[in-house]
Amino acid sequence: MKDEIDKPIDALIKTLPQVGSLNWIGLRPEKKKPLKSVEDAEITEEAGLIGDHFSSTYSKTRQVTLIQREHLEAVSSMMGKPSIDPGLIRRNLVIGGINLFALRNQKFRIGKVILEGTGYCHPCSRMEENLGPGGYNAMRGHGGITASVVQGGVIRIGDEVELVRD
């Protein structure tokens, strides 16, 4: 136990023993249109998520957006709702069982696809419209992360999510 406490922070950042899972996939077919929930999706290095309107038109650092399932639960609690439809949050992937913020600036695997966390995915003003009054502030600190595609492939609901160890 003492060895774990004495590890430098850089080593701790590179150590993430938890393995999460992909709980939900959503594609935004058009701007401001409802997300389409799917069981699997193709991701490429060039275009990001195939079928998502941001796929090739947006920054390479924001090819995929992810939110943590546990954060959806926190937001629904703050909003006084039993649950929140992940499509209302407008993120592509819902991940559970692993701290997404620990994957920022790291490479991680979802099934056979490798992504790299590139930044925080801050909420936008649409959260007021989608979640109701206070939705924006409920989402602050819970918006998830953005990622770029390192290695493409197909992802499926239930795929494991884990840190790629160098």
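**Reading the model feature by feature**

Author: Let us begin with arginine 90, which is placed in the loop between α4 and β6; helices (H or I, at least four residues) and strands (E, at least two) are DSSP runs, numbered from the N terminus. The model is a predicted one, in which local features need pLDDT of at least 70 and side-chain atom pairs count only at pLDDT 80 or more, while totals for chains, interfaces and linings use all residues. Residues are numbered from 1 along each chain as its sequence is written, and side-chain values use heavy atoms, with hydrogens and water left out.

Reader: Is arginine 90 buried or exposed?

Author: Buried means under 20% relative accessible area, exposed over 50%, and partly exposed in between, with a 1.4 Å probe and protein chains only. Arginine 90 counts as buried because its relative accessibility is 10%. Its phi is near 70°, a positive value in a residue other than glycine.

Reader: Where does asparagine 105 lie, and what is its phi?

Author: Asparagine 105 belongs to the loop between β6 and β7. Its phi is positive, about 65°, although the residue is not a glycine. With a relative accessible area of 48%, asparagine 105 is partly exposed.

Reader: Which residues are in contact with arginine 126?

Author: Contact means heavy atoms within 4.5 Å. Leaving aside neighbours within four places in sequence, arginine 126 is in contact with Lys32 and Arg90. Arginine 126 itself lies in helix α5, residues 126–131.

Reader: How is an aromatic pair described?

Author: The description rests on the distance of the ring centres and the angle of the planes. Rings of Phe, Tyr and Trp (its six-membered ring) pair if their centres lie within 6.5 Å; planes under 30 degrees apart count as stacked, over 60 as edge-to-face and the rest as tilted. A search of the whole structure finds 1 aromatic pair. Phenylalanine 101 and tyrosine 120 form this edge-to-face pair, at 5.2 Å centre to centre and 85° between the planes. Phenylalanine 101 lies in the loop between β6 (93–96) and β7 (107–110) and tyrosine 120 in strand β8 (residues 113–120), so the pair ties together parts that are 19 residues apart in sequence. Phenylalanine 101 is partly exposed at 29% relative accessibility, and tyrosine 120 is partly exposed at 40%.

Reader: Which residues of α3 are buried?

Author: An α-helix has 3.6 residues a turn, so residues three or four places apart point the same way. In α3, the buried residues are His71, Leu72, Val75 and Ser76. They lie on the same side of α3 because they cover an arc of only 140° around the axis, the arc being that of the directions from the helix axis to the C-beta atoms. Among the elements that cover these residues are β5 (64–68), α4, β6, α5 and α6 (135–139).

Reader: What follows α3?

Author: Glycine 80 follows α3, and its phi is positive, near 70°. Methionine 79 is in the loop between α3 (69–78) and α4 (86–89) and counts as buried at 17% relative accessibility. Methionine 79 and methionine 139 are 60 residues apart in sequence and 9.7 Å apart in space, C-alpha to C-alpha.

Reader: How do the strands pair?

Author: Strands of a sheet pair through backbone hydrogen bonds, either parallel or antiparallel. Two strands pair if DSSP finds at least two bridges between them. Strand β1 (residues 20–27) has 6 of its 8 residues buried. β1 pairs in the antiparallel sense with β6 over 4 bridges, and serine 21 has glycine 96 in β6 as its bridge partner. β1 is also joined to β2 (residues 36–38) by 3 bridges, again antiparallel, with glycine 26 opposite serine 37.

Reader: What is the order of the open sheet of 3 strands?

Author: The order is β4-β3-β10, with antiparallel pairing. β4 (48–49) and β10 (153–156) stand at the edges, each with a single partner strand, so one side of each is left without a neighbour in the sheet.
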